[in-house]
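Thanks for coming, everyone. I'd like to walk you through one protein today. Let me put it on the screen.

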Amino acid sequence: MRPNTLLPAAFLFFGISASGDTPCDLSLMRYVHSPARLKIVEGCVTIRGTVISKYINPWDGDYHVNIRPDAEFMYLLNDADRKKGRLVTEFVCQSRFSIRRIIKKNEKQVCEGYSNFLQIPKMGDYVEMTGIHVDDVQEGHMEIHPVTNIKIIMTRKAIKAARHK
């Protein structure tokens with residue numbers, strides 16, 4: 001389910017992930033700062049992979065979790081992403097700082113009235129994430145932004161224990 005046409009991120013709708021079983025709320029795009037910089041490639045996708053790095057962006061309060069996707073999801077990456085071996089995923093409005101952030105949208109804070117309670121995975125966790133597949137044309141990479149659902153399939157600790165049995 002890969003459309004040939006990129007849609008502006010301003011198009012908001014509800015959808016079902018490509019696997020057909022995990023709902024995805026595209027209306028969460030309203031909590032993305034500067035959505036015009038993002039082009040929707042696929043409304044909803046579900047990916048699996050391993051967390052290889054993460055950090056909170058102090059500028060916008062989004063939590064960035066970089067994933068090394070399983071081989072079947074490599075089509076979601078562009079050449080720059082493949083070179084770095086990762087897909088950027090963003091959990092919007094995760095930081096308390098995001099409530100006070102400077103970015104404004106229609107004279108309101110971008111995260112005003114919204115709290116994101118999705119669990120942030122730990123380094124090395126094996127996860128399944130659902131969200132909106134976008135092309136960040138300013139940064140030159142693909143993203144799942146925002147992440148709308150996450151399942152931690154196996155923690156790093158469990159993976160390590162299984163290897164040592």
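Which residues of the largest nonpolar core touch the most other members? Ile-47, Val-65, Ile-67, Phe-91 and Met-129 do, in a core of 19 residues. A word on terms. A nonpolar core is a set of buried Ala, Val, Leu, Ile, Met, Phe, Trp, Tyr and Cys residues joined through side-chain atoms within 4.5 Å. Buried means under 20% relative accessible area, exposed means over 50%, and partly exposed is in between, with a 1.4 Å probe and protein chains only.

Before going on, some ground rules. This is a predicted model, where local features need pLDDT of at least 70, side-chain atom pairs count only at pLDDT 80 or more, and totals for chains, interfaces and linings use all residues. Residues are numbered from 1 along each chain as its sequence is written, and side-chain values use heavy atoms, with hydrogens and water left out.

Now the overall layout. The protein has 2 helices and 10 strands. Helices (H or I, at least four residues) and strands (E, at least two) are DSSP runs, numbered from the N terminus. Along the sequence the pattern reads β-β-β-β-β-α-β-β-β-β-β-α. The protein has 165 residues, and 48% of them are buried. Take contacts between residues at least 6 apart in sequence: 68% of these join residues at least 24 apart. Contact here means heavy atoms within 4.5 Å.

In soluble globular proteins, nonpolar side chains tend to be buried together. Look at Val-65. A second, separate core has 15 residues, including Leu-26, Val-92, Tyr-114 and Ile-132.

Stay with Ile-132. This residue lies in strand 9. Ile-132 is buried, with a relative accessible area of 0%. Which residues does Ile-132 contact, leaving aside its neighbours within four places in sequence? Among them are Cys-24, Leu-26, Met-29, Ile-40, Ile-144 and Pro-146. Ile-132 and Leu-28 are 104 residues apart in sequence, yet their C-alpha atoms are 9.3 Å apart in space.

Next, Thr-89. Where is Thr-89? Thr-89 sits in strand 6 (residues 87-91). Buried or exposed? Thr-89 is buried, at 0% relative accessible area. A polar atom of the Thr-89 side chain lies 2.5 Å from the backbone oxygen of Val-65. Beyond four places in sequence, the contacts of Thr-89 include Tyr-63, His-64, Ile-67, Met-129 and Val-147.

Asn-66 lies in strand 5. Asn-66 is buried, with a relative accessible area of 11%. Thr-50 is in strand 4, and Thr-50 is buried too, at 17%. Thr-50 touches Asn-66, along with Ile-67, Arg-68, Gly-124, Asp-125 and Tyr-126, again not counting residues up to four places away in sequence. The C-alpha atoms of Thr-50 and Met-154 are separated by 9.5 Å, while the two residues are 104 apart along the chain.

Now for the pocket. Rolling a probe the size of a water molecule over the atoms shows where empty space is left. On a 1 Å grid over the protein atoms alone, with a 1.4 Å probe, a pocket is an open set of points with protein on both sides within 12 Å along at least five of seven lines, and lining residues have an atom within 4 Å of a point. How big is the volume of the largest pocket? About 200 Å³, where a volume is the space filled by probe spheres set on the points, and grid points are joined across faces, edges and corners. Of the 16 lining residues, Asn-57, His-64, Glu-90, Asp-136 and Glu-139 are the closest to the centre of the pocket. Strand 5 (63-69), strand 6 and strand 10 (141-154) each give two or more residues to the lining. The lining divides into 3 nonpolar, 6 polar and 7 charged residues. Here Ala, Val, Leu, Ile, Met, Phe, Trp, Tyr, Cys and Pro count as nonpolar, Asp, Glu, Lys and Arg as charged, and the others, Gly among them, as polar.

Last, two backbone details. Most residues other than glycine have a negative phi, and most peptide bonds are trans. Which peptide bond is cis? The one from His-145 to Pro-146, with omega near 0 degrees. Pro-146 is found in strand 10. Then Ser-34: its phi is near 45 degrees, a positive value in a residue other than glycine. Ser-34 is in the loop between strand 3 (23-25) and strand 4, and Ser-34 is partly exposed, at 39% relative accessible area.

Definitions and conventions. A polar contact is a pair of N or O atoms within 3.5 Å; within protein, one must be able to donate a hydrogen and the other to accept it, and residues adjacent in sequence count only if both atoms are side-chain atoms.
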